[in-house]
Each structure stands twice: as structure tokens, then as C-alpha cells.
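Thanks for asking me to look this one over. Have the viewer open as you read, and here are my notes.

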Amino acid sequence: MSSRTPEIEDRHSRFELKTLLETSRLLIESHDMEFVLNNLLLITMGKLLITKAMVLIYQPGEENYVVSKSKGRGCPEEGTKVSFPEPERARERSIIRQDTDDIALPEIIEGETQCTLFNLQTSNHHLGFLCLGAKGNKQPLSDHEREFIESLVIISSVAIANSRMFTELRRINRMLDRKVYELNTLFDLSKDFNMMVDRDEIVRIFKFAMLGQMLIRKFFFILQQGEERSMVAASGIKGEPSEEEVEKLFGFEKDLVEVGDELRKKVPFLENNEIKAVIGLNFQSDKIALVGVGARANGEPYSKSDYNFLRSLGNLALLSIQKTYLLEERIEKERIEEELNIAKKIQRGLLPDPIPEIEGLDLAATNLSSYQVGGDYFDIAQTPDSNYLFAIGDVTGKGVPAALLMANLQAMLHVLLPIEITLGEATNQINDIMYHNTPSDKFITFFWGKYYNQNKSFKFVNAGHNPPIWLKNGENKAEELEEGGLILGAMPTMTPYKEQKISLSSGDILVFFTDGVTEAFNPDQSEEYDEKRLTECIRRNRDRTAKEIQDAIIDDVNVFTQETQYDDITLIVIKVK
């Protein structure tokens, strides 16, 4: 019987309630499992004067428990697995006493026969048990103490579930970040591959991607062309497979085969080169190429995501190599010239000529193709409300396909021009149309904005294009117009494109450009012209006219490259009067 007065009991109860509330806030706000479990044990052991306690976390797939946190001599080490003779009955109880209840329990804590287990559970899931050794005075838990621990266990169960969910969200976010990185990598590589017609150059880029992106030092790439199969690319490979071995590799039903002992015996070439997996690549439903990969340099095993990336990378290289064969076998030089002439007319017809004169603005714009027909595009058009639309884009590829894609883009632009719709909404529609109506290897980087004459404001959306440079009058630091979203045609619109509005002042300069400017190489291709040089050139010529600034940029690029142009150069220069 307690010797405490009602006043002391009431004060003690209020203190415990305050402790529970404060603990609830700390645990539920924490997303750290270690913090939650540690505090659960410390509070419990301090409250009950217990020297031994631990938390068992349920492992659903294995039907056992793992010691996630333990304190006190005789407790199993953290990570130890514990099995219950009657797991289902144990999970149904909220409290289990080892010495009195009729549920069979193992010796959880060495030398302890009076353990008490509290069920850690939410409304839907059993999470584990809080296991407590005997109190220091060997007395059983009082009703009041049990109620306190039960309340603490309920709070801790919610915190544990939250921390698990937060951990899973972090894992998913890391996975999504990896996917975005891989998508960007594949997009950059696809741009490089699309520009190439030299198989040796494609193989070189593929080899660099395997080594640089996946840390793979040993790999081979076997391609079937007609009836002939040959190894077109390899790194760290000893010898070549025999015709019989190649036949066996192409005979696999699955597109992904991880190499085991049985396969190594059948194909000694794989064992000799320590190949870990063979990936089949298909073209028009036929397997025409194989990629074999050895262990990664960092020793990490391949995940499903890694294999998907390797397959996508292999398909990019395969399609590019196939393209070179198709060009060699099926296209004659005269026919190419004829097509390019048609495309040239289409492209020139898309560009504004002459450049319009806009009150309050000094304008200049140009397009310099590196080939007879390039993939760059720009437009300047008046809107029905007497304001002006500026657009610039870069289409993957060259020739007729790129010109036709440019024509589609320009048509959509002018169809949407008189419609009362925001730039963001219009970009969403253009992206979805491009995604559903263009091949998977065709994309467009695109930037457009609307200039409002009355207040000299400019509202824009950037769809993965090189951010235009905004140099304010009287300031040396330039700003980049980046707000928007992903490139056009890569995937359906899942996140709406964002638009941004800026206010322009007299003397401000806006320069729109394609990557043919900033990615222009010096003669030995060791350095790019880059945004820093472009910004400095604009800054040096800020007091000149728009046309003079445009010419100064082109001259500066030509000096840097020594008149060697590898890509289209497109520029729009706007200077506010």
C-alpha cells in the first residue's frame, strides 16, 4: 500500500503525464530508429530501475525476431536472432510475463526468469517486443507501472512505424535520384550518338561510358550484321570466343543471363575473362547483339537498375551502329544531297525573315548551321494582344527528320499563339504531343518567353535548354533563366512546367543561345568555350548594339575554335532601349 498522500500521487501522475507528452513529441518527431529505441530503453530502465532490457524487432519473412537494441549484462548482442516456440500466440498478447503466463518463451536474457514482454504494435502491424528484465528489488510490475510502460510502448510503436516509413521514403528518393541521373546520362549520350556516323567513334564513346558510368573494366560487345557476328568493342578481354561459343551465347532465351558454374563450363570464354552477366540486345524483335560484363571496379554487385541501364546504353550504341550500316548500305550520296536540299528549304522557311522591329527593343538573331541542315530553331512572333513571343530550340539529329520535327514544333507554336493559355500549360501540351508522336530517340531542348511591351516584363518557360543570360544594366553579375522543366518529348508531362516572370529595364541585355556556342571546342578538343566566356564577351560589348553584340559573340567563338564549327550556332540578342 502506497504511503503517498493524494496530493503527492496527483503531482506524481501529472509529472508522468508530462513525461509521456514530452517523450511523445520527441519520438514521433524523430525519424531516427536508433534514437527512438535508445530512448525507449533509457526511459523504461530509469523509471523502473531495471538493469537489463532490449527491443526485439519482428522479421516477417523469416518468422523470427532480431535484437535491434539491448542494454545490460546477459542481453544478447545486437543483431542476434531470436525465435519463439509459439509466435502467433505471443503476437496476440499485449503483455507477456515469463514466469506466470502460459506462453512458452525461450531464455531471452541469460539468467533471467522473470522477463516481461510488451507488444510493440500499431493498429495494423505487429512490430516486435520491448523485453524487460526483473526490477532491482525483484518485485513484479505494479498496475501503475504497467500502464505507464504500455503508454510509452504505444507512443514508441508509432515512432518506429514512422521511422520505417521515413527510411523507405529516403530509399525511394535515392532510387529516383539515381533514375534521374541515369536518364540525364542516357540523354547526353544519345545526343552524342545521334551526331555520329563513324562506328569507331561510337565504340569509343560506348567504352568511355562503360568505364566512366558503371566502373566496368572488362566487357565485350558482339554484333550480328547479316550472317556475320563479330566483336566490335572490348575492354580487358583475352582472346575471342569461338563460333560455337558465340552461337551458344546468342541461343539464350532470356535477354539477361547471369553467369554461373554450369554456363562457365559450356562457354570457357566467359570463365577465362571472368564475365558476370550477358545481356542480349534486340532490333525489330531479333537478337542482333550481346554485351558481356565483368565485375565492377568497386566490387559492388549488379542491381536490376544497373542491368536496365546497361541494356539502355547498349541499345543506344546498337542503334547508332545500325544507323551507320544503313547509311553505308542503303543511302547513295546523290539521294542524301537531294534530301538535304529539301530539308534546307524546310528549315529556312521556319525561321523569321526579316527579323521584326519591336518598339523599345534592339534585336538581332541568326542561325549558322554546321551542316547543310542543322537541328537548331528560333522564332519571333507577334501575339494577338500586340506583345511578342521569343523561342529557341535544339532538335536531336540532323537532316530531314530534324527539319520535320522543327516544322512540327513551329506549327504547334503558331497554333497555340492566339489561344488564351499560359506558357506553362502550352508547354505541357507541346511536350505530350511530342512524346506521343515522335520516336523515342528524338528530343527537343526548348526555351520560350513572352515580352510585354507595356511594362517591359518577360515571362518564360525553360524546357531543358541552355539557360539564356540576363545581364542587367549597371551590374556585372549575370543571371540565368532556368525555371521550367524537362526536355520536350522525353516523357509524358508528370510535373507541370513552371513559368517565371522578370522585369526588364533600359540597358538590360538578354542573350538566347544553343549549345553550339558554349560547347564549341578548341582545335585539340580539350576545352569548351563555355558559359563563362560567353558572359564575359557579352559584358565586354554591353554598350554596343544588339547586332554588334551578336557579331562579337560569333567572332569570339570563331577565334576560340580557329574557325572550326562542330555544331549549329543559333543566337537571339535582345537589348532594352
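Predicted model: local features only at pLDDT ≥ 70, side-chain atom pairs only at ≥ 80, totals over all residues.

1. The protein contains 15 helices and 22 strands. Along the principal axes, its C-alpha atoms fill a box of roughly 100 × 75 × 40 Å. The radius of gyration is 34 Å, whereas a compact globule of 577 residues would come out near 25 Å.

2. Let me begin with the sheet that contains S12. This open sheet has 5 strands in the order S12-S22-S21-S17-S18, and the pairing is antiparallel. S12 (361-368) and S18 (479-480) are at the edges with a single partner strand each, so one side of each has no neighbour in the sheet. At the S18 end, S17 (residues 469-471) pairs with S18 in the antiparallel sense over 2 bridges.

3. H14 packs on it and touches S17, S18 and S21 (509-513), with a direction that makes about 35° with that of S17. H15, in turn, lies across S12, S21 and S22 (569-576) and runs at about 30° to S12.

4. How do those two helices meet each other? H14 (residues 530-540) and H15 (residues 546-561) pack at an angle of about 135°, and their axes are 10 Å apart. Angles over 145 degrees would count as roughly antiparallel and those from 65 to 115 as roughly perpendicular, so H14 and H15 are oblique to each other. The crossing of H14 past H15 is right-handed.

5. Sorted by class, the contact of H14 with H15 has 6 nonpolar and 3 charged residues, with no polar ones.

6. Now to the other sheet, which contains S7. It is an open sheet of 5 strands, in the order S8-S7-S11-S10-S9 and with antiparallel pairing. S8 (228-235) and S9 (256-258) are its edge strands, each pairing on one side only. From one strand to the next, the twist averages 15°.

7. Within that sheet, S10 (residues 275-283) and S11 (residues 286-294) pair in the antiparallel sense over 8 bridges. A handy reference point here is Ile279, which stands opposite Val291 in S11. Helix H6 (residues 243-250) lies across S7 (219-225), S8, S10 and S11, and runs at about 105° to S11.

8. Most residues other than glycine have a negative phi, and most peptide bonds are trans. The peptide bond from Asp353 to Pro354 is cis, with omega near 0°. Pro354 sits in the loop between H10 (333-350) and S12. Ser386 is not a glycine, yet its phi is positive, at about 70°. You will find Ser386 in the loop between S13 (376-382) and S14 (388-395).

Note on methods
Residues numbered from 1 in each chain as written. Heavy atoms only, no water. Axes fitted to C-alpha atoms, helices over the stretch in contact; angles between N-to-C directions. Helix = DSSP H or I, 4+ residues; strand = E, 2+ residues; numbered from the N terminus. Parallel < 35°, antiparallel > 145°, perpendicular 65-115°, else oblique. Left-handed = near helix turned anticlockwise from the far one by under 90°. Nonpolar A, V, L, I, M, F, W, Y, C, P; charged D, E, K, R; others polar. Pairing = 2+ DSSP bridges. Contact = heavy atoms within 4.5 Å. Rg over C-alpha atoms; globule rule 2.2 N^0.38 Å.
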